[in-house]
Amino acid sequence: MSIKGKAYIAGAFEHPTRLAKDKSVAQLHAESALGALRDAGLTRSDVDGYFCAGDAPGLGPLAMADYMNLTLRHLDSTDVGGCSYLAHVAHAAEAIAAGKCSVALITLAGRPRSEGHSGAVPRVRGADAPDTQWEFPTGIATVNAYAMCAARHMYEFGTTSEQLAWIKVAASHHAQHNPHAMLRDVVTVEQVVESPLIATPLHRMDCCVVSDGGGALIVTSPEIARSLKRPLVKVIGAGESMKGQMGGAVDLTYSAAVRSGPAAFAEAGVKPYDIKYASIYDSFTITVLMQLEDLGFCEKGQGGKFVSDGNLISGVGKLPFNTDGGGLCNNHPANRGGITKVIEAVRQLRGEAHPAVQVKNCDVALAHGTGGLLGSRHGGATLIMERE
Amino acid sequence: MAKERSIPAPLTNPETEPFWAAAREGRFLIRACTDCGKAHWYPRAICPHCFSDKTEWKEGSGRGTIYSVSVMKRAPEVYAVAYVTLEEGPTMMTNIVDCDFDTVAIGQKVTVTWRPTKDDGPPYPQFKPA
């Protein structure tokens with residue numbers, strides 16, 4: 001069974017907060033849900049499927065579904081880190097195609113900024129995980145796990161810090177137009193490579209922001225989507241995978257996108273050159289570079305050249321990316337950016353992105369995410385959407 | 001020599017206890033499969049290469065080559081995380097210590113060294129330039 005054309009994204013909402021000291025995580029989930037329902041023109045009682053991941057407080061989807069007092073016939077709490085919400089859209093499309101639900105709500109929210117989280121501080125990701133005893137003692141955090149990928153990419157392919165910096169530069173060009181973005185100043189390659197080293201070879205400006213916030217999506221059937229007043233954004237392809245250390249055959253030069261990407265393109269029946277806009281998970285600049293290669297936007301090892309000279313800037317380059325400013329400048333709620341990747345792709349397909357960054361004739365868009373740690377074990381999820 | 005980071009004690013379990021018991025004697029064990037003949041990392045009862053349950057502990061050489069390394073600058077004590085490819089084949093996540101953090105690099109030959117861990121935990125295997 002293919003999900004192509006079986007479901008539409010009818011509602012999308014990005015919580016405007018970036019610092020939510022006065023709100024609870026559950027409240028941010030529910031406020032995001034309310035925003036997405038209003039955007040779609042639906043109400044809470046229309047929801048019969050609910051999707052959330054590890055950022056949702058409580059046991060799986062139970063606490064949040066109860067907080068929002070949902071009446072459900074389908075639940076899914078697939079957790080593959082920051083790309084969970086891309087997988088949720090695909091799973092929602094599958095459930096809708098199978099008749100298991102008709103209006104699926106997906107929520108994400110968190111307060112890592114209020115709680116003082118830093119990607120430079122090691123944290124236990126499951127004390128009982130089989131890898132924890134071997135890896136946590138090393139001081140593996142978030143940034144140094146990704147930094148090891150960058151170091152290896154530089155060693156194998158000659159990628160430079162200046163090339164990585166272009167990714168941040170492009171994001172900053174977009175963020176200047178987003179009033180909600182945490183970092184709105186346009187930056188230069190020099191500013192990025194002269195910012196302090198956090199974990200070699202990554203600089204401070206190679207890293208995404210830590211922000212509070214949330215987001216929500218409504219995925220629904222073709223019949224319901226056509227009954228609403230919103231532009232039609234159709235899900236046409238999806239893929240998901242994971243990649244780990246392969247029993248010690250560690251290879252840091254590629255990501256799970258080598259599997260999720262081709263699966264999504266095959267299902268959608270499109271090629272990388274058909275993509276008018278791409279939301280690419282940008283926890284760090286190296287994340288973007290590797291995913292672009294693995295998704296087939298350029299050859300492996302050529303990512304540095306591909307992202308240089310503004311090639312990711314809307315209106316300037318060949319592949320406009322993260323026109324909201326992305327995780328690098330705008331928002332990375334709950335340290336999980338997957339849902340914002342879908343939201344900006346929906347804005348682009350609807351023609352509702354900021355006019356300064358709106359891609360002309362944006363009929364096909366891709367969103368891709370990486371969850372967990374690119375340098376140890378991570379999930380990957382790709383979504384391809386079409387304006388109808 | 002700058003002050004070193006204190007290392008959290010590994011949370012051992014019955015599957016891995018022999019490794020940490022040997023570590024207390026300064027011996028570096030690796031796990032290998034008698035069916036496919038390959039060593040793997042991290043050690044586990046079921047071979048991740050061929051999924052056989054015929055795995056055993058072997059004495060490791062403790063020698064390897066840095067596959068990748070990152071020096072964490074934004075920490076109270078600067079430290080280096082790395083992947084080291086062991087002579088026996090598998091690549092493991094570890095630390096590089098007793099090195100110059102400005103010159104530590106991919107391709108360097110390294111050898112195992114042990115550091116005590118907090119709360120009287122077993123020593124943890126790290127690597128230093130060979």
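Predicted model: local features only at pLDDT ≥ 70, side-chain atom pairs only at ≥ 80, totals over all residues.
Residues are numbered from 1 along each chain as its sequence is written, and chains are lettered from A and ligands numbered from 1 in the order in which they are written. Local features need pLDDT of at least 70 and side-chain atom pairs count only at pLDDT 80 or more, while totals for chains, interfaces and linings use all residues. Helices (H or I, at least four residues) and strands (E, at least two) are DSSP runs, numbered from the N terminus.

**Helices of chain A**

Select residues 161–175 of chain A, helix α6. At 1.5 Å a residue, its 15 residues should span 21 Å, and the end C-alpha atoms are 21 Å apart, which agrees; the expected span is 1.5 Å times one less than the number of residues. Of the 15 residues of α6(A), 13 are buried. A residue is buried if 20 or more other C-beta atoms lie within 10 Å of its own, exposed if 12 or fewer, and partly exposed in between, with C-beta atoms placed from the backbone.

Axes are lines fitted to C-alpha atoms, for helices over the stretch in contact, and angles run from 0 to 180 degrees between N-to-C directions. From α6(A), A:Leu164, A:Ile167 and A:Lys168 make the contact with A:Thr285, A:Ile286, A:Val288 and A:Leu289 of α10(A). Residues are in contact if their C-beta atoms, placed from the backbone, lie within 7 Å.

Next, show helices α3 (residues 84–97) and α13 (residues 338–350) of chain A, which pack at an angle of about 60° with their axes 6 Å apart. The two helices, α3(A) and α13(A), are therefore oblique to each other. Here A:Ser84, A:Tyr85, A:Leu86 and A:Val89 of α3(A) meet A:Gly338, A:Ile339, A:Lys341 and A:Val342 of α13(A).

**Between the chains**

Display both chains: 28 residues of chain A are in contact with 35 residues of chain B. On the chain A side, α4 (132–135), α5 (143–157) and β5 (197–199) each give two or more residues. The largest share, six residues, comes from α5(A).

**Sheet and hairpin of chain B**

Move to the open sheet of three strands in chain B, with order β2-β1-β3 and antiparallel pairing. Its edge strands are β2 (39–40) and β3 (55–59), each pairing on one side only. Strands pair if DSSP finds at least two bridges between them. Strand β1(B), residues 29–33, is joined to β3(B) over five bridges, and B:Leu29 has B:Glu59 as its bridge partner in β3(B).

In the loop between β1 and β2 of chain B, pick B:Cys36. B:Cys36 is partly exposed, with 15 other C-beta atoms within 10 Å. Leaving aside neighbours within four places in sequence, B:Cys36 is in contact with B:Cys47, B:His49, B:Cys50 and B:Ser52.

B:Gly89, with a positive phi of about 125°, lies in the turn of the hairpin formed by β5(B) and β6(B). Six bridges join β5(B), residues 79–86, to β6(B) in antiparallel fashion, and B:Ala80 stands opposite B:Ile96.

Finish on β6(B), residues 91–96: six of its six residues are buried, so the strand is largely enclosed by the rest of the structure. B:Thr91, B:Met93 and B:Asn95 point one way, and B:Met92, B:Thr94 and B:Ile96 the other way.

Definitions and conventions. Contact = placed C-beta atoms within 7 Å. Parallel < 35°, antiparallel > 145°, perpendicular 65-115°, else oblique.
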